[in-house]
Every structure is written in C-alpha cells, then in structure tokens.
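Colleague: I would like to learn how to read the packing in a model like this one, going feature by feature. Could you take me through it?

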Amino acid sequence: MALLSPEQWPLWGVIAAFVLGAAAIAALGSRLSRVSDRLADVTGMGEAIFGALLLGASTSIPEIVTSITTATAGYPQLAVSNAIGGISAQTAFLAIADITYRRANLEHAAASLENLMQGALLATLLSIPLIAMVSPEVTLLGVHPASIGLVIFHLFGMHLVAETRSAPLWTPRRTTETRTDVPQEARKKGGDTASLWLRFAGLAAGVGLAGYVVAAASMALVDRTFLSETIVGGLFTAVATSLPELVTALAAVRQGALTLAVGTIIGGNTFDVLFLAVTDVAYRDGSIYHAITGQQQFIIALAILLTGILVLGLLRRQKSGFGNIGFESVLILLLYTGGFALLAQGG
C-alpha cells in the first residue's frame, strides 16, 4: 500500500517520482508526435484539425489525469492551477519552438485560418470561468452551469473550425516562407492505418499513467513543503504535464509540419479549458469556481493575455523581428516568466 502512497515516501522519493513521471511524459509525447503527423496525412483531416482534435487531446491526458486526481482528493486550487497553468506553459512552449525554427518567424510560416479560429475560441472559453467565479454559487448535482456551457461552447466552436477548413472565406497571403499543410503521398502509402491508431492509443495510455504519478507526487509536495497549491499546480505540474506539447511542437518543427506544431498547442489549449468542467464534476464539495482564490484568476487572465498576443502574431505575420522570431514570442516569454515570478512572491 505504501508503494502506491507518495505521501508515505521520503521527500527525495516524492521528488524522484515527480521527475521520472515528467520524463516519461516527455518521452512518450515525442513518439505521439511522429505517429500523429502520419495519421494527419493518412486520414485527410489536415494538420491543424488533427492537432486540435486528437493530438491536442491526447497530449493533454497527463494534465486531465492530474486535475481530476487532485480535485477528487480535495485540492481545488492545485487542480485549477494545473489546468490553466498548462495553457500558459504551452503557449510559452510555442515561443520556444519559434526560436528553433531558423528560417523565419513560426507564426508567419504556419499561417492557418483554423489556428486563428482556435485562438479566438480559446480566449472566449477562458472568459467563461472568470464569469463563473463572480457569479452566484448555483450548482446542479454539484456542478456549476458554467461547466456545461464550456462543453457546449467548445463543441460549437470546433464545429466552426471544421467548417472554416472545408469552406474558408479568408486565406492568408502566401509568401516565400509560408508552409502549407499538404499531405505527403509517401506517408499515405507507407504504414498500416490500423497499426498507427493502435500505437497512438497505446502511447496515449502510457502518457496518462505517467500523469497519475505526477499528480500523486504533486499532492505530496503541497503537503510536505512550503510550496502552495498555486505554485505546484500552475508551474511545476503544469510544465511537467505539458511536456508532450513541447516535445511535439519541437519535433513537428523539425519535420517541417509547422501547421501541426501551432495547431497542437492552440488546439490542446482549447481542449484544456474543458478540464475545468471535468474538475468541477470531480470536486464534490460544491462549485470548484468558488473554491479557488485570486491567484487562479490571475493565471486565467495571464492565459487570456498570452493567447491574445499569439493571435496578434498570427494575424500580423511578422517574418522576423528579433533574429528569426517575431514580437509575439518575445512578449509571451517575458510575460510568462514575469507572471509566475509575481505569483511566487505572493506564495
């Protein structure tokens, strides 16, 4: 029993479990990237849509496992900080991927209407929990109506994104650096589709198990150190469980799948907002929106700010600004590090 209870381990064992879980998440996420890029081609879904629906959702498994586990155990601030902190972390990861792409600004080269739509959808979804936090604490079977609204609005938004791909009324102007999403015939012919789906499912399951280890270790860290739920959830677990997005984005950039890199981050972030609805169900002491503090509101506001800057970068399509990166990547990294430095000072 003690083997499965990190709170009974020595502190060094808790830290080791956290680090090993994060490493497993990163390693499995890298393999998910390669399988997903092939599936995006063989299914004909396209990199932006596949990145949002399947790759974005699968690489978010560690975060949702962590948020559900911590919410069920009675750590609402840890659960919400992990869910929304992951959105900020993944947006910062996209800026890091931009630095690694040497030819031009990543947001310029990966111009995509679907990614713009997803960015706007993400900012809209993030506003719903902010409204719920200041609204009356009304629940239905322990679930706030805002959680139901999040799911409905997400489904409606993804329907709009899919429609945009099939019948676009706006397209980005092509430049010499624009990289469009064109399926590669070699990938279509190579590899069995059923085998790819099985590998995809197996890797996703492994990532989920590693996410559970990180969740258990994070609760032990809160109980046995001076670190608050906000810092552990919004920074440590958010970064650890978001590592698949970083690895995926970097791998996709190396493979030239730029639309997949951007779509995975924005699509994964859009999916991550739904974690609030799931954690609200898992948290049985009432509305989770009314069990958190101003620090979680700060994290949500920071996520909206970073998303807005990213969308501005996708619209502006600056080829280069600071070396090969645009203004949006510089601002995102500065605001992300500055924002969490402020949170750390507040405990």
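**Reading the packing of a helical model**

Modeller: The secondary structure of the protein comes to 15 helices and zero strands, and please keep in mind that this is a predicted model. Of its 347 residues, 57% count as buried.

Colleague: What share of the contacts between residues at least 6 apart in sequence join residues at least 24 apart?

Modeller: In this protein the share is 85%. Valine 213, found in helix α9 (residues 193–224), gives a case to look at: valine 213 and leucine 20 are 193 residues apart in sequence, yet their C-alpha atoms lie 8.7 Å from one another in space.

Colleague: Which residues does valine 213 contact, once its neighbours within four places in sequence are left aside?

Modeller: Those residues are Ala17 and Gly21. Valine 213 is itself partly exposed, with a relative accessible area of 32%.

Colleague: Let us turn to helix pairs. At what angle do helix α14 (residues 294–316) and α15 pack?

Modeller: The general idea is that angles over 145 degrees between N-to-C directions count as roughly antiparallel. Here α14 and α15 pack at an angle of about 175°, with their axes 9 Å apart, which makes α14 roughly antiparallel to α15. On the α14 side the residues that meet α15 include Phe298, Leu302, Leu305, Ile309 and Arg316, while among their counterparts in α15 are Phe327, Glu328, Leu331, Tyr336 and Phe340. The residues of this contact divide into 16 nonpolar, three polar and two charged.

Colleague: How does the packing of helix α4 (residues 76–100) with helix α11 (residues 243–254) read by the angle between them?

Modeller: For this pair the angle is about 25°, again with the axes 9 Å apart. Because angles under 35 degrees count as roughly parallel, α4 is roughly parallel to α11. The crossing of α4 past α11 is right-handed. The contact is made by Gln90, Phe93, Ile96, Ala97 and Thr100 of α4, together with Leu243, Glu245, Leu246, Ala249, Leu250 and Val253 of α11. By residue class, the contact of α4 with α11 divides into eight nonpolar, two polar and one charged.

Colleague: And the aromatic rings: how many aromatic pairs are there?

Modeller: Rings are paired if their centres lie within 6.5 Å, and the angle between the planes then sorts the pairs, with those over 60 degrees counted as edge-to-face. By this rule the count comes to four aromatic pairs. One of them joins phenylalanine 153 and phenylalanine 156, whose rings are 6.4 Å apart centre to centre with 75° between the planes, an edge-to-face arrangement. These two phenylalanines are three residues apart in helix α7 (residues 145–166), and so they are separated by about one helical turn. Phenylalanine 153 is partly exposed, with a relative accessible area of 33%, and phenylalanine 156 is likewise partly exposed, at 45%.

Colleague: Are tyrosine 336 and phenylalanine 340 buried or exposed?

Modeller: Tyrosine 336 is buried, and so is phenylalanine 340.

Notes
Residues are numbered from 1 along each chain as its sequence is written. This is a predicted model: local features need pLDDT of at least 70, side-chain atom pairs count only at pLDDT 80 or more; totals for chains, interfaces and linings use all residues. Side-chain values use heavy atoms; hydrogens and water are left out. Rings of Phe, Tyr and Trp (its six-membered ring) pair if their centres lie within 6.5 Å; planes under 30 degrees apart count as stacked, over 60 as edge-to-face and the rest as tilted. Helices (H or I, at least four residues) and strands (E, at least two) are DSSP runs, numbered from the N terminus. Buried means under 20% relative accessible area, exposed over 50%, partly exposed in between (1.4 Å probe, protein chains only). Axes are lines fitted to C-alpha atoms, for helices over the stretch in contact, and angles run from 0 to 180 degrees between N-to-C directions. Angles under 35 degrees count as roughly parallel, over 145 as roughly antiparallel, 65 to 115 as roughly perpendicular and the rest as oblique. Contact means heavy atoms within 4.5 Å. Ala, Val, Leu, Ile, Met, Phe, Trp, Tyr, Cys and Pro count as nonpolar, Asp, Glu, Lys and Arg as charged, and the others, Gly among them, as polar. A crossing is left-handed if the near helix is turned anticlockwise from the far one by less than a right angle, and right-handed if clockwise.
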